[in-house]
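Please read it alongside the structure shown here.

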Amino acid sequence: MIQASAAQHGMWVAAAGAGPTAYHLPLVVTFAHEPDVGLLTKACAAAADRHALLSSAIVDRDGVAHLTPVAASGLRVAGPHEPVDEEIARPFDLERGPLVRFALFGRTLVITAHHLVFDGQSKEVLLRDLAAGYAGEIPAPPPRTAADEPAADAARLADRRAAAAAFWDGRWAEPLPVLVGDQVLTGRDHGPGQVHAFTPPLPDLPGLTRFETLLAAVHATLAGHGNQRVTTGVDLSTREPGAADVIGPFATELPVDSQPGDATFAQFAAELRGALRAMYPHRSVPLARAVRRIRPHAAVAPVSVSYRRVGAPPRFDGAPADVDWLAFAGSVRGDLQLQAVDDGTTVTARLRCSAAAAPVAQRFAGDLCAVLTRVAADPATPLRDLVVTAAPVLPAAVPAPAAGPTPAPGGDLVEPVLAIWRDVFGDQAIGPDDDLFDLGGDSLTATQIIARMRKTLGLDVDIDTFFDHPTVNGVVHAAGPR
């Protein structure tokens, strides 16, 4: 058993209160011919043997997530009338695992993985290995395994955390509500969603990658809807050299903030590119470890963007398979979640939307496509001319909520809870009114304290309590009478 990475722990905390499919990453592969079930079964077993995370579970050890090996999931042949959607939506038991499963529906292979052990690039790695195994080839072992990652992650965190904290100091601010049409979007949690598929006309512009052009167009579209300050979450890879062939959750979501103003699109996109490039050296440190007072939301902002390049589809029995890289699991994190896949020729996009965003999702997609068409014709077009809307303008800042009254002391629970805090922090000088975050704590510290309070005192509080009342007196008072 090994301790999970910082990114896995943060996701584990967020997933604890999430819906059953919020962190499912489905991959749907349709073969050109009826596959050989025996060969495919062996290929799935070989892939699970090659990548340890495919045969693992996540267990709780005093509030800290740990990885433990379990039996691998074999290929399951689905019944003739069994719905694919039900297979994708079937929940995982995180503590029993495994966290990846394979099901064959006729000529269609459905792979469903939990984000705790998987990311976008893992889809390509797994499909490549399945194709090799199906063909009787034995891929070389990856240069690193899941067992190597926790130690490497801990070393990176120790080495880079201070620099990341300094980078985000003064940059991080809670995202504002987002106006799209007549809807005000604020959601950063998970929930049932809908999905709209479209093909954005993404141009190749001088000095910009396609991803940078798409992100700038999203910000420009939101500015055109009356948002003076725009913050979007952006999915970024955290893979280090040597991890290209390793399956795992090598991904993070970080905020990108802008105030579009009166610049031309080309000028604005160049500024946004600079902000992204400045952020990249710090992406291996989860935001919650660099900025301590961030609640463990499912999304860093109401609107997020994910973009990934993919290679040629794998071949089975000599023919390329049809791969749906963006298969939908039924849930959305945040209010609008734009996912795009670029195969080098075509960019395919899916816009996932919450119930709050559903009335304006198609309008947003249409406005985004219109912006991309206009900037392809003339990148020097002023931002104010890209989207014309009668929507009201949201303020650039909102007043912070007034602080509530200091909770009264919590009676006979204060001393035993204080003892737990002192043990977790290793500091006997902690007092009942000391702030958890001022002491250097974060969401990991809070989950450790929660687990020990539950185990030794039978007292169950949620992690939001620690953000609302980050002292021993505050937590005990919020927990109510025993």
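Predicted model: local features only at pLDDT ≥ 70, side-chain atom pairs only at ≥ 80, totals over all residues.

Strand 19 (residues 336-342) and strand 20 (residues 347-353) run antiparallel and are joined by seven bridges, and within this pairing Gln339 stands opposite Arg350 in strand 20. Both strands belong to an open sheet of six strands, whose order is 11-20-19-14-12-13 and whose pairing is mixed. At the edges of that sheet stand strand 11 (194-198) and strand 13 (251-258), each of which pairs on one side only, and from one strand to the next the twist averages 20 degrees. Helix 9 (residues 358-377) packs on this sheet, where it touches strand 11, strand 19 and strand 20, and its direction makes about 20 degrees with that of strand 11.

A further open sheet has three strands in the order 1-4-3, with antiparallel pairing. Its edges are formed by strand 1 (2-3) and strand 3 (56-61), each of which has a single partner strand, so one side of each is left without a neighbour in the sheet. Strand 1 pairs with strand 4 in the antiparallel sense over two bridges, and Ile2 stands opposite Leu67 in strand 4. Helix 1 (residues 6-16) lies across strand 3 and strand 4, and runs at about 105 degrees to strand 4.

Leaving aside residues up to four places away in sequence, His66 touches Met1, Ile2, Gln3, Ala4, Ala57, Ile58, Val59 and Arg61. A polar atom of the His66 side chain also lies 3.1 Å from the backbone oxygen of Val64.

| Salt bridge | N to O distance |
|---|---|
| Glu87 and Arg101 | 2.9 Å |
| Arg273 and Glu212 | 2.8 Å |
| Asp468 and Arg295 | 2.3 Å |

The side chains of Glu87 and Arg101 meet in a salt bridge that links distant parts of the chain, since Glu87 lies in helix 3 (residues 84-89) and Arg101 in strand 6 (residues 100-105), 14 residues apart. Glu87 is buried at 1% relative accessibility, and Arg101 is buried at 7%.

The side chains of Arg273 and Glu212 likewise meet in a salt bridge. Arg273 lies in helix 7 (residues 265-279) and Glu212 in helix 6 (residues 210-224), so this pair ties together parts that are 61 residues apart in sequence. Arg273 is partly exposed at 25% relative accessibility, whereas Glu212 is buried at 3%.

In the salt bridge of Asp468 with Arg295, the closest N and O atoms are 2.3 Å apart. This pair again links distant parts of the chain, with Asp468 in helix 12 (residues 463-468) and Arg295 in the loop between helix 8 (287-290) and strand 14 (303-309), 173 residues apart. Asp468 is partly exposed, with a relative accessible area of 44%, and Arg295 is also partly exposed, at 26% relative accessibility. Elsewhere, salt bridges that share partners join Arg76, Glu82, Glu87, Arg90 and Arg101 into one network.

Terms used
Residues numbered from 1 in each chain as written. Heavy atoms only, no water. Polar contact = N/O pair within 3.5 Å; in protein donor to acceptor, adjacent residues only side chain to side chain. Contact = heavy atoms within 4.5 Å. Salt bridge = Lys/Arg side-chain N within 4 Å of Asp/Glu carboxyl O. Helix = DSSP H or I, 4+ residues; strand = E, 2+ residues; numbered from the N terminus. Buried < 20%, exposed > 50% of the residue type's maximum accessible area, 1.4 Å probe, protein only. Pairing = 2+ DSSP bridges. Axes fitted to C-alpha atoms, helices over the stretch in contact; angles between N-to-C directions.
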